[in-house]
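Work through the exercises below with the structure in view. Try each task before reading its solution.

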Amino acid sequence: MNVSLSTPASAPRIAVYSGTFDPLTLGHEDVTRRAAQLFDEVIVAVAMAHHKKTRFSLRERLDMASEAASRMPGRVRVLPFDGLMMDFCRQQGACAVVRGVRNLTDFDYEAQMAAMNRKLNPAVETVFLLPQAELQCISSTLVREISYLGGDVSQMVSGPVAQRLKPQPLQA
């Protein structure tokens with residue numbers, strides 16, 4: 001089956017960029033910005049992530065993503081989602097899923113997910129985007145760990161996210 005990113009003339013080309021974004025990194029922001037140049041609208045879909053222990057609540061992750069989206073050119077919306085990504089794409093009228101790929105390990109996993117998503121919804125294409133080279137080493141997991149150990153994450157996340165990552169003083 002030949003699937004294209006074209007949509008009816010009146011329909012906007014909508015892409016979904018999903019993740020837990022715990023926290024949102026400069027790499028995530030870069031991929032979102034690049035996607036916004038390719039599509040009429042990008043939906044940053046923040047996963048409820050029942051299967052993961054997240055550092056930030058869903059509300060905090062939505063707030064971080066919304067703050068970043070407000071600084072981006074193009075139409076970028078932030079929404080929560082739960083369940084299958086292909087169901088969410090269908091509900092939102094999306095023609096594509098955007099995935100950021102930093103390395104071969106990411107690509108191997110993401111290629112498997114793209115193949116499975118194609119089985120679930122062949123009308124939605126997966127588009128892989130590379131973040132800028134200097135951002136490719138950044139992962140949310142490493143940012144959380146570096147921050148937890150007192151390291152400087154200011155070159156890995158935006159200022160507002162870095163503020164949220166600062167350890168809170170213990171209350172007496």
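**Exercise 1.** Find the residues that V42 touches, leaving out those up to four places away in sequence.

*Solution.* Contact means heavy atoms within 4.5 Å. V42 then touches A15, Y17, T32, A35, A36, R75, V76 and R77.

A note on the source: this is a predicted model, where local features need pLDDT of at least 70, side-chain atom pairs count only at pLDDT 80 or more, and totals for chains, interfaces and linings use all residues. Residues are numbered from 1 along each chain as its sequence is written, and side-chain values use heavy atoms, without hydrogens and water.

**Exercise 2.** Which residues of α4 are buried, and what do they pack against?

*Solution.* Helices (H or I, at least four residues) and strands (E, at least two) are DSSP runs, numbered from the N terminus. Step one: D106, E110, A114 and N117 are buried in α4. Step two: down the axis of α4, these residues fall within an arc of 65° (directions from the helix axis to the C-beta atoms), so they line one face of the helix. Step three: they pack against α3 (85-92), β4 (96-100) and β5 (125-129). Step four: L104, T105 and K119, on the other side of α4, are exposed.

Technical notes
Buried means under 20% relative accessible area, exposed over 50%, partly exposed in between (1.4 Å probe, protein chains only).
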